[in-house]
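Good morning, and thank you for making time for this item. I would ask you to keep the structure in view while I speak.

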Amino acid sequence: MNKPFRKVIALLLIFAVSITFSGCWDEHELDTLFIVTGIAIDNSQTPDQIDVTVQIGKPKSKSSSSESDSSGGQSSSVIIIKTTEATALEGLKTTDRDSSRTLLFQHNQVVLFSSEFAAKGVRNRFDLFLRDNDMRMEVLLIVTAGRADQFLTANLSQEDISGIFIARVMQDLKAVSPYLQIRLLDFASRLQEKTSSPLAPIAVLNEVDGKQNILIEGTAVFKNDRMIGKLDVEQSRGYLFTMGKVKHASLTAQSQYGRAVFNIEKLDTKRNVTLRPDGGVKVTLSVVTSLGIGELRGFSAMNPKDLMTELKSMAQQQITNQISDTFAAARSLDADIYGFGTSVYQKYPKAWESMEGDWDVLFKDIQLDIKVNVRIPQTGKVIKSLEMDVNSRAN
Amino acid sequence: MFLDFIFRKLQFISKQRAATEFSKEISVELPQSPEEISTTLEENLNAAKKQFGNSSDFKIHRFRFGPDDRFSGALLYIDGLTDNATLTDAVLRPLSNWVPDEKSPSAGKPLIETLARTALYSGDVKTVMSFPELLSGCLSGDTAVLVDGCPAGLSVCAKGWEKRSVTEPQSETVVRGPREGFIENLRTNTALIRRKIKSDRLRTESLKVGEKTRTDICLMYLEGVASEKVINTVKYRISRLNVDSVLETGYLEQYIEDAPFSPFSTIGYTEKPDVAAAHILEGRVAVVVDGTPFVLTAPMLFIENFQTAEDYYTRPLYASITRILRFIAFIITVFSPGLYVALTAFHQQIIPTTLLFTIAAAREGTPFPVFLETFIMVFAFEILYEGGIRMPRPVGQAISIVGALIMGNAAVSAGLVGAPVVITIAITAVSGFLVPTLNNSASLLRIMMLTLGALLGWYGLSMGFLWMLFHLGSLNSFGVPYFDGFALTTNLQDSFVRMPLWFMARRPMDIAHGDTTRRKFFIPPLRPYSDPDKDDAEDTDQ
């Protein structure tokens, strides 16, 4: 064989090899994959080990589901694989080995940490989720009340796959406030900020009439990487008011005249951090909100003008109270959940160098000024409620 | 080692071939016709008979005419190409009634010229001196008149043969617009174009191509608008052809096109006179070939594949939207099978979770890898498509039933292919029909992209797309960049969107030369007031 031919053959081979070898190595047919929809991590019985539970959604073809329905057998729509290993990756590798197909992690919806596990510190268990190529940073992070694996095995009435159920619930909550939806990336970046406390929503599993349901109730507060406490539902709302960007939420206020439920159409908060002469920090929150009246009870014998003034002051009071309640809770937990430290650093980078060390003390000492500006442009479809109408006529 | 063996074997074969040296071309001695027309009629007729052999449709009609049947002559014609009634009225009757006066010559070339001038009732009579020219005139339908004693002949035009009437074109249908289409007759076709453009600037140049077929070809262009360079290039390329036959414009296209190995064609064709006229008005050259209802237009731009005649007859907004739709359809028809394979085999992460579960459910239990599954469906579609075209119309029904029922339904319910693949291929197929002129190219590209998508995933698809763009950018059609109309230079008035007609005040810059003005003003039409003078007065007042 002469030389030019050799060259041509070599080129062809190089071409063929570069095409076939570079492309096909990560090819996975869909029927060789298990689509992971949730990962739960719990403390194990044996110390220094963790239980890794993987939830795999089973694709249901329409014909097969109708067959199973007709036969009466109720086949589960998820596969649960549980392992106990020292690290999460080892656990997942063992799962991969035990399962008949390769695990596909890119569609993982949630990572669940049980609150006991979270209390022991998550930093050293976290690496895999940030490092691995297949793990998405947009995965939702949830802390569970009780063991996390039971959330994956839960038999829900609303969705077949609990991982997808949690993801949908969180998607709904995101419409209320972006701060409600904590993704792995948000959590990790909060961990990076030394003074800020990461947060994560808490999921609760309850059972009514044999039907299980998952609720998102409250927020877990982390200090460094350990869960140290939680905010209840009202406090969580106060946290949202502090952070701003709230939409489509509701606000209930009570006064001597009656009870009012508002729809928050928009709530924005501006944060202004200043240094006090005595070395402390002063934070001014200016909340601007526009509310709609959702429902009124009481307020009889009030003319509309007085009513509006009253409603405004009620809403103002309520928002202020909630914000300061939450702040009190954060102060008692000694956790800067708002990232005030970061705000100070951004505004006074020089002064921050000396403050960073004793931010814990400074945080407790923060003077919080809250200014709330309420507008009520919407009264709904009626101007007066029926109750008010009757009373005004009697007068 | 194996390759080495193959190469040794190939070398052996080529050596063997060289040694035996195929037999030389068999040449048969064919009768040579005389160059000149002889003075004696008999000699001429014998030569003609010899030339035509025993062809039964070659007719010789002898007759005598003049006082006392003094002169003898003969008509030579091909039966079926001439109109007998015209022949009788224009040639035979006037000749037999012809009475020479004393001045008229009695023999030789002057006699035949006198006959042509005074006796024959025909507008198209030529005096021909050379014998081959006379016979070739016969072949294209003229009738040769020979008179004893004259070393010249007459070529009388009395053409008349069966032809199809002008009907609606099959390949390009419109809802709004002229419904006439070209037919197989050259003269009718040029007349159809001439009737659209009643300008003395419209030039028609006739050529003959094909040693055996001697096909008449007509170049049509607007003098002063079409580029000289393009006209000369077309003429040069056609004149350099050394072929024995041209049966359709496709023959010509393949001989004169710029990029014979490209999946894209660089010469346009149309079946509609209005499209051809529009192209000529933009400065293109139309090549009308006898015997086919398709007319070539050159130079061609890539954008022409997405333009239809109706774009210009409907209002610009809707026309623009449909044109964008065609672009999207082309992208879909080329890329969607490849994309489907790439996504399901490589990039499951970018499929939305719910959709992934649906696709995974369909993949469950199908026996073949997704590439093979998709390839089988693409292949099956091509089979159906080809079958639908070639089948006689009554049988075509069966194709669609078999295609729809067996392929669409049974294959899915039997679990051979997944429903998402069927949907993908259906979308691919339907999208392909939006750009009919690109259908051939799209079929080739589709299989290429499918392979690239299966081998390299998204990376392969992007490489394929880039290659396609580079290739399109590198093509030229008769000196005009093929991808013109996409670059931000000229001609953007008629690319992704079709601008209003009043906006297109100039002809495409890269095609038209010289007289590039379509419309004097670059302004929208006047508001519809009844009295134009009053309008002007109002304007001046302000």
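Predicted model: local features only at pLDDT ≥ 70, side-chain atom pairs only at ≥ 80, totals over all residues.

I begin at a pair of residues: Asn43(A) stands opposite Ile50(A) in β2(A). Residues are numbered from 1 along each chain as its sequence is written, while chains are lettered from A and ligands numbered from 1 in the order in which they are written.

Strands and helices here are DSSP runs, numbered from the N terminus: E of at least two residues for strands, H or I of at least four for helices. Two strands pair if DSSP finds at least two bridges between them. Strand β1 (residues 33-43) of chain A pairs with β2(A) in the antiparallel sense, over eight bridges. Six residues lie between the strands of this hairpin, and Asp48(A) takes a positive phi near 70° there. β2(A) is also joined by eight bridges to strand β3 (residues 78-85) of chain A, again running antiparallel. Within that pairing, Val54(A) has Ile81(A) in β3(A) as its bridge partner.

How many residues of strand β2 (residues 50-57) of chain A are buried? Eight of its eight residues are, where buried denotes 20 or more other C-beta atoms within 10 Å of the residue's own, exposed 12 or fewer, and partly exposed the range in between, with C-beta atoms placed from the backbone. In a regular strand the side chains alternate between the two faces of the sheet. Ile50(A), Val52(A), Val54(A) and Ile56(A) point one way from β2(A), whereas Asp51(A), Thr53(A), Gln55(A) and Gly57(A) point the other way.

I turn now to a helix. Asp96(A) is found in helix α3 (residues 88-98) of chain A. Asp96(A) counts as partly exposed because it has 16 C-beta neighbours inside 10 Å. Beyond its neighbours within four places in sequence, Asp96(A) is in contact (C-beta atoms, placed from the backbone, within 7 Å) with Thr102(A) and Leu103(A). The C-alpha atoms of Asp96(A) and Arg226(A) are separated by 29 Å, the two residues being 130 apart along the chain.

Finally, chain B. An automatic or database domain assignment gives domain 1 (41-156), domain 2 (186-312) and domain 3 (324-477) in chain B. The C-alpha centres of domain 1 and domain 2 of chain B lie 35 Å apart.

Note on methods:
Contact = placed C-beta atoms within 7 Å.
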